[in-house]
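Visitor: Hi, I have just opened this one and I am new to it. Could you walk me through it while I ask questions as they come up?

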Amino acid sequence: MARIVIGVGNDLRGDDAAGWETVRRLVPSPSLVLHEHAGDAPGLVSLWGPEDDVVIVDAVVSGDPPGTILELDALAGSLPAAVSWATTHGAGVAEGIELARALGQLPRSLVVVGIVARQFDLGAPMTPEVEGAVAEVARRLAG
């Protein structure tokens with residue numbers, strides 16, 4: 001079964017491009033299916049099936065330093081409230097996962113990788129800390 005990697009983000013808002021940029025650094029193959037997703041909650045559920053192994057990568061806001069990589073097993077329970085997964089996309093990753101949980105449509109495995117971001121200004125570039133974390137997450141997922 002293929003692993004599905006979903007990069008969530010927005011190219012126009014600095015570090016919020018982290019999920020998309022991570023996916024863009026990977027090479028699709030029969031064992032690795034890649035999606036760039038704008039982050040709307042209902043749309044996430046449509047990207048996987050019950051037998052899939054899924055990784056979601058998104059920029060987050062938390063008390064951790066920018067560039068910190070947070071990795072959470074979303075099947076173990078709700079994502080922590082202290083981490084904001086809906087940076088500039090409104091109802092986002094956490095809400096999408098909870099929707100799937102309520103509908104009984106979670107995949108076989110679901111890991112959420114959050115890259116702690118600092119800069120979300122319109123037109124801003126990705127910060128060096130987040131750029132480094134993107135490279136590290138892409139390296140881990142490619143291996």
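Visitor: Which residues of α4 are buried?
Guide: This is a predicted model, and in it the buried residues of α4 are Val130, Ala133, Val134, Val137, Ala138 and Leu141. Seen down the axis of α4, these buried residues fall within an arc of 135 degrees, so they line one face of the helix.

Visitor: And what is exposed on the other side of α4?
Guide: On that other side, Pro128, Arg139 and Ala142 are exposed.

Visitor: Why would residues a few places apart point the same way?
Guide: An α-helix has 3.6 residues a turn, so residues three or four places apart point the same way.

Visitor: What do the buried residues of α4 pack against?
Guide: They pack against β1, α1, β3, β4 and β5. The helix α4 itself lies across β1, β3, β4 and β5, and it runs at about 155 degrees to β5.

Visitor: What span should α4 have, going by its residues?
Guide: At 1.5 Å a residue, the 15 residues of α4 should span 21 Å, and this agrees with its end C-alpha atoms, which are 21 Å apart.

Visitor: OK, switching to the sheet. What is the strand order?
Guide: The sheet is open and has five strands in the order β2-β1-β3-β5-β4, with mixed pairing. At the edges stand β2 and β4, which is residues 69-73, and each has a single partner strand, so one side of each is left without a neighbour in the sheet. From one strand to the next, the twist averages 20 degrees.

Visitor: How do β1 and β3 pair?
Guide: They pair in the parallel sense, over five bridges. Within that part of the sheet, Arg3 stands opposite Asp53 in β3, and the bridge partner of Ile4 in β3 is Val54.

Visitor: And β3 with β5, over how many bridges?
Guide: Those two strands also pair in the parallel sense, over eight bridges, and Ile56 stands opposite Val112 in β5.

Visitor: Is β3 enclosed or open to the outside, then?
Guide: Seven of the eight residues of β3 are buried, so this strand is largely enclosed by the rest of the structure.

Visitor: Now the core. Which residues of the largest one touch the most other members?
Guide: The largest nonpolar core has 21 residues, and those that touch the most other members are Val5, Leu26, Val57, Ile115, Val130 and Leu141. At least two residues of this core are supplied by each of α1 (18-24), β2 (32-37), β3, β5 and α4 (128-142), and the largest share, six residues, comes from α4. Apart from this core lies another, of 17 residues, among them Ile56, Leu79, Val93 and Leu106.

Visitor: What does Ile115 touch?
Guide: Leaving out residues up to four places away in sequence, Ile115 touches Ala18, Thr22, Val57, Asp58, Ala59, Val60, Thr68, Val130, Ala133, Val134 and Val137.

Visitor: Where does Leu26 sit?
Guide: Leu26 has its place in the loop between α1 and β2, and it is buried, with a relative accessible area of 8%. Not counting residues up to four places away in sequence, Leu26 touches Val5, Leu32, Leu34, Ala138, Leu141 and Ala142.

Visitor: One more helix, please. Which residues of α3 are buried?
Guide: In α3, which is residues 93-103, the buried ones are Val93, Gly96, Ile97 and Ala100. They cover an arc of only 95 degrees around the axis, which puts them on the same side of α3.

Visitor: What do they pack against, and what follows the helix?
Guide: The buried residues of α3 pack against β1 (3-8), α2 (41-45), β3 (53-60) and β5 (109-116). After α3 comes Gly104, whose phi is positive, near 70 degrees.

Methods:
Residues are numbered from 1 along each chain as its sequence is written. This is a predicted model: local features need pLDDT of at least 70, side-chain atom pairs count only at pLDDT 80 or more; totals for chains, interfaces and linings use all residues. Side-chain values use heavy atoms; hydrogens and water are left out. Buried means under 20% relative accessible area, exposed over 50%, partly exposed in between (1.4 Å probe, protein chains only). Helices (H or I, at least four residues) and strands (E, at least two) are DSSP runs, numbered from the N terminus. The arc is that of the directions from the helix axis to the C-beta atoms. Contact means heavy atoms within 4.5 Å. A nonpolar core is a set of buried Ala, Val, Leu, Ile, Met, Phe, Trp, Tyr and Cys residues joined through side-chain atoms within 4.5 Å. Two strands pair if DSSP finds at least two bridges between them. Axes are lines fitted to C-alpha atoms, for helices over the stretch in contact, and angles run from 0 to 180 degrees between N-to-C directions. The expected span of a helix is 1.5 Å times one less than its number of residues.
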